[in-house]
Amino acid sequence: AMTQRTLVLLKPDAVKRGQVGEIIRRIEAKGYALVAVELRTATPEVLAEHYAEHEGKPFYQPLVDFMLSGPVVAIVLEGERCIEGFRSLAGATDPTAAAPGTVRGDLGRDWGLKVQQNLVHGSDSPESAEREIGIWFPAL
Ligand code: DAT
Ligand code: MG
C-alpha cells in the first residue's frame, strides 16, 4: 500500500461557476478520503510560497492575480497513490487539451480565457504535497 496525502485547490473559477460540488463528488467517487476542506481567500504571501517554482515565468503574475480574484476551496485528500490519481482526475493543464472524462476536460469554462483558469490544482509529487500541505494547513 502507498497511502498518500495531496493538496488540492478548487480555484476561483470553480467556486464562481458553482463546480465545487461536482469536483468533490468526483474525488469521493474515486474513493479518496477528505482530510480537510476549507473555503479560503488566498493571500499574496501564501501564493508566493505555493507557486514559488513558477516565479519569473510569464504566466506567474496573471496566475497569482487570478488566484486572488475570489475564494478558493483548499482540500487535503488521502488515499492510495492519490497524488498521481488526483492529477489523473484533473487532466492536462490546458483545458483545451485535457481529455474528456477529466475535470479540466469536462467542466465548463469561459472559453477564450487563459490557461491558468483551469479549475483545480493538485500537488505533483510527494515532496510538493508535503510542502503545499504545510503552506495551506500548517496544523496538519
Ligand atoms: P499544473 O497546474 O497542471 O500542475 P503547472 O504547475 O505547470 O500546471 O502550472 C501551474 C499553473 O500555472 C497551471 O495550473 C496554470 C498556469 N499555467 C501553466 N502553464 C501556463 C501557460 N503556459 N500559460 C498560462 N498559464 C499557465
Ligand atoms: Mg503544478
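Two residues are in contact if their C-beta atoms, placed from the backbone, lie within 7 Å. By that criterion, residues 24 or more positions apart account for 74% of the contacts in the protein with a separation of 6 or more. The structure is a predicted model, in which local features need pLDDT of at least 70, side-chain atom pairs count only at pLDDT 80 or more, and totals for chains, interfaces and linings use all residues. Residues are numbered from 1 along each chain as its sequence is written, while chains are lettered from A and ligands numbered from 1 in the order in which they are written.

**The whole chain**

Begin with the cartoon view, which presents seven helices and four strands; helices (H or I, at least four residues) and strands (E, at least two) are DSSP runs, numbered from the N terminus. From the N terminus on, their order is β-α-α-β-α-α-β-α-α-β-α. The C-alpha trace spans about 40 × 35 × 25 Å along its principal axes.

Next, select the four strands, which form an open sheet in the order 2-3-1-4 with antiparallel pairing; two strands pair if DSSP finds at least two bridges between them. At the edges are strand 2 (33-40) and strand 4 (120-122), each pairing on one side only. Select strand 3 (residues 72-80) as well: seven bridges join it to strand 2. Which residue of strand 3 is the bridge partner of Arg 40? That partner is Val 72.

**The core**

Now turn to the interior. A residue is buried if 20 or more other C-beta atoms lie within 10 Å of its own, exposed if 12 or fewer, and partly exposed in between. Of the 140 residues, 31% count as buried. A nonpolar core is a set of buried Ala, Val, Leu, Ile, Met, Phe, Trp, Tyr and Cys residues joined through C-beta atoms within 7 Å. The largest such core has 26 residues, and Val 8, Leu 10, Leu 77, Phe 86, Val 103 and Val 120 touch the most other members. Select Leu 10: beyond four places in sequence, the residues it touches include Val 15, Ile 23 and Val 73.

**Annotated positions**

Finally, select Lys 11 and Phe 59, which are among the positions that an unreviewed UniProt entry marks as "binding site"; such annotations may be inferred rather than shown by experiment. Lys 11 is found in the loop between strand 1 and helix 1 (12-16). Is Lys 11 buried or exposed? Lys 11 is buried, because 23 other C-beta atoms lie within 10 Å. Phe 59 lies in the loop between helix 3 (44-50) and helix 4 (60-67), and counts as partly exposed, with 13 C-beta neighbours inside 10 Å.
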